[in-house]
Amino acid sequence: MKGLFKSKPRTPVDIVRQTRDLLIYVGRSADSRDAKREEKMADLFKHIRELKCILYGNSESEPVSEACQQLTQEFFRENTLRLLITCLPKLNLEARKDATQVVANLQRQQVNSRLIASDYLEANIDLMDVLIAGYENTDMALHYGAMLRECIRHQTVARYVLESQHMKKFFDYIQLPNFDIAADAAATFKELLTRHKSTVAEFLSRNYDWFFAEYNSKLLESSNYITRRQAVKLLGDMLLDRSNSAVMTRYVSSRDNLRILMNLLRESSKSIQIEAFHVFKLFAANQNKPPDIVSILVANKSKLLRLFADFKTDKEDEQFEADKAQVVKEIASLEP
């Protein structure tokens with residue numbers, strides 16, 4: 001008789017609902033090791049793995065777009081994302097990795113040509129506070145950091161993070177002693193400052209004073225070589241972006257900024273020197289140099305020309321050579 005009553009295969013909607021019920025149970029239950037809880041936890045891990053298989057496919061089959069849409073719609077219909085994020089510390093390492101991949105994939109899933117994750121996050125923006133605070137927890141930092149980077153693909157979410165008090169914390173997270181976490185925070189920081197051009201330009205214009213004071217003192221003048229190298233590279237990316245032209249003009253009119261860049265040009269590290277040059281050339285190329293910038297360049301003219309005479313990249317680079325020739329010409333022609 002048993003074979004006559006085969007259970008109906010579960011739909012993506014069923015799996016999301018069952019996952020939600022299990023998350024609610026795990027969220028409410030104390031961290032005990034009783035048999036019932038252990039069983040529910042194992043069941044939850046299995047469900048999260050199933051969600052991942054629907055979204056990514058597996059060795060036998062590609063993901064089916066209709067199943068992905070159903071899963072996405074049900075996931076954001078209620079608070080499954082919130083439950084998954086808040087329960088993440090209770091999961092084991094494998095389940096955390098699976099959950100992180102599920103959250104990442106859902107940010108890109110469209111339902112009726114809409115990214116419904118964006119609408120959900122806009123209404124539940126406080127979840128970003130949880131993800132960012134994850135950088136202060138060694139066990140959770142890399143999972144929450146990966147989720148955060150996927151969430152800031154949505155412009156409204158990136159704007160919230162940029163305008164929040166959290167931005168100031170990134171200057172410390174980037175210098176955490178744990179190398180992997182510091183690198184993850186640096187990757188998020190870069191994404192926040194380069195992905196959404198118009199939002200970034202607005203943020204930098206409005207927050208210019210405190211942002212660049214922190215950027216210069218904590219990152220460009222950091223005692224850590226990797227921090228300095230990443231910071232000068234990102235600074236070049238920001239200032240050379242057309243959207244940030246007003247910010248760039250302001251940055252290259254400051255004698256303090258010029259002093260920092262000239263110190264970076266003298267670094268023993270070739271890669272820092274090259275990245276610093278890409279920012280320094282903006283000071284040299286500025287046709288409306290303030291008098292104090294001109295006087296610093298004139299006072300250091302012979303040192304700069306000597307430095308650039310031996311200045312080469314490891315590989316041949318025509319653009320670099322052209323830029324260097326232009327900078328040398330500008331500096332050589334300066335008069336006190």
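How many residues does helix α1 have, and how far does α1 reach from its first C-alpha to its last? Helix α1 covers residues 12-28, has 17 residues and reaches 25 Å. That is close to the 24 Å expected at 1.5 Å a residue. The model is predicted.

**Helix α1**
- The buried residues of α1 are P12, V13, I15, V16, T19, R20, L22, L23 and V26.
- An α-helix has 3.6 residues a turn, so residues three or four places apart point the same way.
- The cover over the buried residues of α1 includes α2 (35-56), α3 (65-77) and α4 (80-87).

**Nonpolar core**
- The largest nonpolar core holds 105 residues.
- F189, Y215 and F280 have the most contacts inside this core.
- Helix α17 (residues 270-285) supplies the largest share of the core, with nine residues.
- Beyond its neighbours within four places in sequence, F189 contacts M167, F170, F171, I174, F211, Y215, L219 and L234.
- In soluble globular proteins, nonpolar side chains tend to be buried together.

**Cavity**
- The model has one cavity of 30 Å³ or more.
- Helices α9 (155-163) and α12 (197-206) each give at least two lining residues.
- α12 gives the most, with four residues.
- By class, the lining of the largest cavity has four charged, two nonpolar and one polar residue.

Terms used. Residues numbered from 1 in each chain as written. Predicted model: local features only at pLDDT ≥ 70, side-chain atom pairs only at ≥ 80, totals over all residues. Heavy atoms only, no water. Expected span 1.5 Å × (residues − 1). Buried < 20%, exposed > 50% of the residue type's maximum accessible area, 1.4 Å probe, protein only. Contact = heavy atoms within 4.5 Å. Core = buried A, V, L, I, M, F, W, Y, C linked by side-chain atoms within 4.5 Å. 1 Å grid on protein atoms, 1.4 Å probe; cavity = no way out; pocket = protein on both sides within 12 Å on 5 of 7 lines; lining within 4 Å. Points joined across faces, edges and corners; volume = space filled by probe spheres on them. Nonpolar A, V, L, I, M, F, W, Y, C, P; charged D, E, K, R; others polar.
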